[in-house]
Amino acid sequence: DLLKNIEFSKASKDAVTKQLLVGAAIGTRPEDRDRAKALVEAGVDVIVVDSSQGDSTFQIDIVKHLKASHPKLQVIAGNVVTPLQALHLIKAGADGLRVGR
């Protein structure tokens, strides 16, 4: 760990445990809720909800579900290309946004 800390000094780490942060992506299908639960139980730090339509009702619903079920989980949602899409996901509880075309 000491050598990796030197070699990868800018890697994202937990402030307390100094362990590497882990992220995973899920979609917006109903079975992705089970995947998210398994990922949280395995210790994931952040989940990216990946969808081509940034403010679809499916994406908004899964962001709300994730934040209600796992309040400490960081959730990044997107893909957003308009300010209105960003606003909808922020209101749904997204901690971060994936931006692009």
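Helices and strands here are DSSP runs, numbered from the N terminus. In this predicted model, the elements of the protein run α-β-α-β-α-β-α-β from the N terminus on. That makes 4 helices and 4 strands.

**Overall build**

- The C-alpha trace spans about 45 × 30 × 20 Å along its principal axes.
- The protein has 101 residues, and 32% of them count as buried.
- Take the contacts between residues at least 6 apart in sequence: 43% of these join residues at least 24 apart.

**Helix 2 against helix 3**

- The axes of helix 2 and helix 3 come within 11 Å of each other and cross at roughly 30°.
- Helix 2 is therefore roughly parallel to helix 3, since angles under 35 degrees count as such.
- Their crossing is right-handed.
- From helix 2, the residues in the contact are Asp32, Arg33 and Ala36; they meet Asp61, Ile62, His65 and Leu66 of helix 3.
- By type, this contact divides into 3 nonpolar, 1 polar and 3 charged residues.

**Helix 3 against helix 4**

- Helix 3 covers residues 57-69 and helix 4 covers residues 83-92.
- The two pack at an angle of about 30°, and their axes lie 8 Å apart.
- Helix 3 and helix 4 are therefore roughly parallel to each other.
- Helix 3 passes helix 4 in a right-handed crossing.
- Helix 3 brings Gln59, Ile60, Val63 and Lys64 to the contact, where they meet His88, Leu89 and Ala92 of helix 4.
- The residues of this contact split into 4 nonpolar, 2 polar and 1 charged.

**Salt bridges**

- Side chains of opposite charge can pair when their charged atoms come close.
- The structure holds 2 salt bridges.
- One of them joins Arg98 and Asp50, with the closest N and O atoms 2.8 Å apart.
- That pair links distant parts of the chain: Arg98 sits in strand 4 (residues 96-99), Asp50 in strand 2 (residues 46-50), and they are 48 residues apart.
- Arg98 is partly exposed, at a relative accessible area of 35%.
- Asp50 is also partly exposed, at 40% relative accessibility.
- Asp95 and Lys67 form a salt bridge as well, at 2.7 Å from N to O.
- This pair too links distant parts of the chain: Asp95 lies in the loop between helix 4 and strand 4, Lys67 in helix 3, and 28 residues separate them.
- Asp95 counts as partly exposed, with 41% relative accessibility.
- Lys67 has 18% relative accessibility, so it counts as buried, the cut-off being under 20%.

**Val49, a buried residue**

- Val49 lies in strand 2.
- Its relative accessibility is 0%, so Val49 counts as buried.
- Leaving out residues up to four places away in sequence, Val49 touches Ile26, Gly27, Thr28, Gln59, Ile62, Val63, Leu66, Val75, Ile76, Ala77 and Gly78.
- Among these, Gln59 and Val63 also belong to the contact of helix 3 with helix 4, while Ile62 and Leu66 belong to the contact of helix 2 with helix 3.
- Glu7 is 42 residues from Val49 along the chain, and their C-alpha atoms are separated by 30 Å.

**Gln53, a partly exposed residue**

- Gln53 is in the loop between strand 2 and helix 3.
- Gln53 has a relative accessible area of 40% and is partly exposed.
- Apart from neighbours within four places in sequence, Gln53 is in contact with Gln59, Asn79 and Gln85.
- Gln53 and Lys72 are 19 residues apart in sequence and 25 Å apart in space, C-alpha to C-alpha.

**Arg29, an exposed residue**

- Arg29 is placed in the loop between strand 1 (23-26) and helix 2 (31-42).
- With a relative accessible area of 58%, Arg29 is exposed.
- Lys4 is 25 residues from Arg29 in sequence, and the two are 37 Å apart in space, C-alpha to C-alpha.

How values were computed. Residues numbered from 1 in each chain as written. Predicted model: local features only at pLDDT ≥ 70, side-chain atom pairs only at ≥ 80, totals over all residues. Heavy atoms only, no water. Axes fitted to C-alpha atoms, helices over the stretch in contact; angles between N-to-C directions. Parallel < 35°, antiparallel > 145°, perpendicular 65-115°, else oblique. Left-handed = near helix turned anticlockwise from the far one by under 90°. Contact = heavy atoms within 4.5 Å. Nonpolar A, V, L, I, M, F, W, Y, C, P; charged D, E, K, R; others polar. Salt bridge = Lys/Arg side-chain N within 4 Å of Asp/Glu carboxyl O. Buried < 20%, exposed > 50% of the residue type's maximum accessible area, 1.4 Å probe, protein only.
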